[in-house]
Amino acid sequence: MNSTPLSQFVQPQPLASARRPKLVLGLRLWSVALALVALVLPSGAWAADRFQKLDPELNRRAAVAAPRSTQVVVRLAPGAALPDSLRRYVRGAKLNLIDAYVLQMPDRALPELESTPQVTSAHQDRPAWAADYLSTRSTGADVVQESLGLTGRGIGVAVVDSGITSWHDDLTARDGRTYPYGNQRVSKFVDFVNGQTMPYDDHGHGSHVAGILLGNGYDSRGRQSGMAPDASLVSLKVLDAQGKGTISSIIAALDWVANNARTYNIRVVNLSVGAAVTQSYWIDPLALAARRLTERGILVVAAAGNLGKNADGQMQYGGILAPGNAPWVLTVGASSTEGTVRTKDDVVADFSSVGPTRGDYLAKPDLVAPGRGVLSLSVPGSTLYQARADYLVSGNVKTGYPAYLSLTGTSMAAPQVSGAAALMLQANPRLTPNLVKAILQYTARANDNYGALQEGAGFLDVKAAVRLSRFYAQNRVGSRMPVERSWSQKIIWGNQAITGGYINPLANAWATNIVWGTALANADNIVWGTATEAENIVWGTVCGNENCSNIVWGTADSNGANIVWGTANNIVWGTTTADNIVWGTSGPENIVWGTSGISDNIVWGTACGGDNCANIVWGTVNTAENIVWGTAGDNANIVWGTADNIVWGTFDANGNIVWGTAGEAGNIVWGTADNGNIVWGTADNSNIVWGTVGVNDNIVWGTADNIVWGTVTSDSIVWGTGAVGPDNGR
């Protein structure tokens, strides 16, 4: 596959003049230009702090030591228990997903965390908020529901938000199933704010998000149907009546999902909430909690945020919210349908946050989905119902209140993608989070007017994503993969644009233990490929040191031609038809080169030229011709020849050399490098030499008839024939 440098995607130029860069061959890492970084970050984004275990905000508070307290998320070392000295500060239950506790501590006590060995890191329980600032038809979801019969049935989706309304017609069950809260498709409601047991939504945001995802459109006679109208909902309330919360509440909700995913078949978590990015995703507890779910095969979808413009109305970079800044999260920006069902006039919403991510500089969002002016469920009496009265809309069914509310934001875009994922998982339950993301990006519609930091891989196309997902579930050998020209046919792998090929669904790049975008340290087993006759597959990593592991390059056709497998040590190059095989290391030990089809041209051993090179074989197997075996060092056991011409011995003194043929044992030499103990002859006992060159060396030269035996110093020579008798000459 091909890649394009990030610098070509992110030049701060007017959108009207922006063009998609010309793709270049080869796989190259892209990095963010320093000039761009200066636009989005203060100098020293992750500057060193006085207390290494405390995040930047806690460092600031510890230094000031004001007479106040701070809520803190404290992570413990694996297997460690919270010290008794800190237990008095505990608020709530342990966050098992990330081995953490929430503490309410005086600022003056914060330095104690630095000197506590059981504590690995401490983070401000920073604020989180709702990311709110014509959809199913414009994305093709209606076609999936009507033509393919996929509605998300059997797929559980957890909406982590402000709760769910106690009743709405669009949440009624159509399948006759019994639900715990009346005839509403709410499988479970958990309140992490006020601890109530029955569903409610005092803010109204969570119900709006849920309706986009799985509302059945009853009050609009189907017009406002959500993406997956038969999916089951798990509502986890983490935001209060004002749409505010903390990251610890979100983590607690994710912890609950980890413990209950199997019970409710939760495959997708929707986070239309976010928090400021203050640390790298590698240490941010919210990002790490999302990773734990991803590793369990649960897709985490997050809103990108609504920070696409600065105070002057100009586009600004670096506004992606947490946990959308993490590579393992599917991050969704917002597009606008411009009020039509046509896709050609769709645009990226100007409020939608633009990458790269703060501090880590990852390319985000992953794709965009409709998020401007989206109609969904209203909740009478909620904060949004009262504050946005001008945006209330009645349905086609008479109700005692306007059934719908129009809201705008990436909060509305995220559930579009979560619903699409539910449809994909119904079509192909074997999809992993990474593969869901890859298919969504690959089938997205790219727009030449935007760069990857605005649109990601492109605009959501639900019909295409579900179609490809179902193909991977049902295809057989020889099936032609459905590809449409409108698809972007690319994925944004970390900071690389991979394009021009196809997705191999069996590739280990999509495994749950693979971090999306991995290319360097701990590089884990990546697979890419192209669609032309199944050619050009790469599996492995892109680092250049000896720790790079598991690289495969070749094709995936039935003959398995042109394959490379290995690491910096262990390399194999060849085909499954056994032609052109190389196996070994760059160490350089254990190398095999040749074929096994007709057993020609085989080399086994090492490639070095020093004394330690060992075990070299070159030749064929079928006629035993052209064989070399041995080493290049001292006493190095070398064999060279064919079935006729054989050499065996070493390079050093007294090194046992044999040269000859196997045919009638002709032409044999045996001896050492100092000319000691030499035998030369044939199987008919003709032409024999035996002796040494030193003092009193015993020499024999002759044939079965003519023999010479003696030493060099004593001149004691015997010469005669093989006939024994008194007349033999002396």
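**View 1. Gly-297 follows helix α9.** The phi angle of Gly-297 is positive, near 85°. Welcome to a predicted model, in which local features need pLDDT of at least 70, side-chain atom pairs count only at pLDDT 80 or more, and totals for chains, interfaces and linings use all residues. Residues are numbered from 1 along each chain as its sequence is written, and side-chain values use heavy atoms, with hydrogens and water left out. Helices (H or I, at least four residues) and strands (E, at least two) are DSSP runs, numbered from the N terminus. Helix α9 spans residues 285–295 and is mostly covered, with 9 of its 11 residues buried (buried means under 20% relative accessible area, exposed over 50%, partly exposed in between, with a 1.4 Å probe and protein chains only). Among the buried residues of α9 are Pro-285, Leu-286, Arg-291 and Thr-294. Their cover includes β1 (69–76), β3 (119–124), α8 (247–264), β9 (266–271), β11 (299–303) and α12.

**View 2. Strands β2, β1 and β3 form an open sheet, in that order.** The pairing in this sheet of 3 strands is antiparallel; two strands pair if DSSP finds at least two bridges between them. β2 (100–106) and β3 are the edge strands with a single partner each, so one side of each has no neighbour in the sheet. From one strand to the next, the twist averages 35°. β1 and β3 are joined by 5 bridges, and Val-73 stands opposite His-123 in β3. Helix α2 (residues 56–64) lies across β1 and β3, and runs at about 85° to β3. Axes here are lines fitted to C-alpha atoms, for helices over the stretch in contact, and angles run from 0 to 180 degrees between N-to-C directions; contact means heavy atoms within 4.5 Å.

**View 3. Strand β12 is largely enclosed by the rest of the structure.** 7 of the 7 residues of β12 (residues 330–336) are buried. Leu-330, Val-332, Ala-334 and Ser-336 point one way, while Thr-331, Gly-333 and Ser-335 point the other way. β12 pairs with β11 in the parallel sense over 3 bridges, where Ala-302 stands opposite Thr-331. Strand β14 (residues 367–370) also runs parallel to β12, joined by 4 bridges, and Leu-367 is the bridge partner of Val-332. With strand β13 (residues 347–348), the pairing is antiparallel over 2 bridges, and Ser-335 stands opposite Val-348.

**View 4. Helices α12 and α14 cross at roughly 130°.** The axes of α12 (residues 433–443) and α14 (residues 462–474) come within 8 Å. That makes α12 oblique to α14 (under 35 degrees counts as roughly parallel, over 145 as roughly antiparallel, 65 to 115 as roughly perpendicular and the rest as oblique). The contact includes Ile-439 and Tyr-442 of α12 and Leu-468 and Tyr-472 of α14. By class, the contact residues are 7 nonpolar, 2 polar and no charged (Ala, Val, Leu, Ile, Met, Phe, Trp, Tyr, Cys and Pro count as nonpolar, Asp, Glu, Lys and Arg as charged, and the others, Gly among them, as polar).

**View 5. Helices α7 and α11 cross at roughly 40°.** The axes of α7 (residues 205–214) and α11 (residues 410–427) come within 8 Å. Among the residues that meet are His-208 and Ile-212 in α7 and Met-412 and Gln-416 in α11. This contact has 5 nonpolar, 6 polar and no charged residues.
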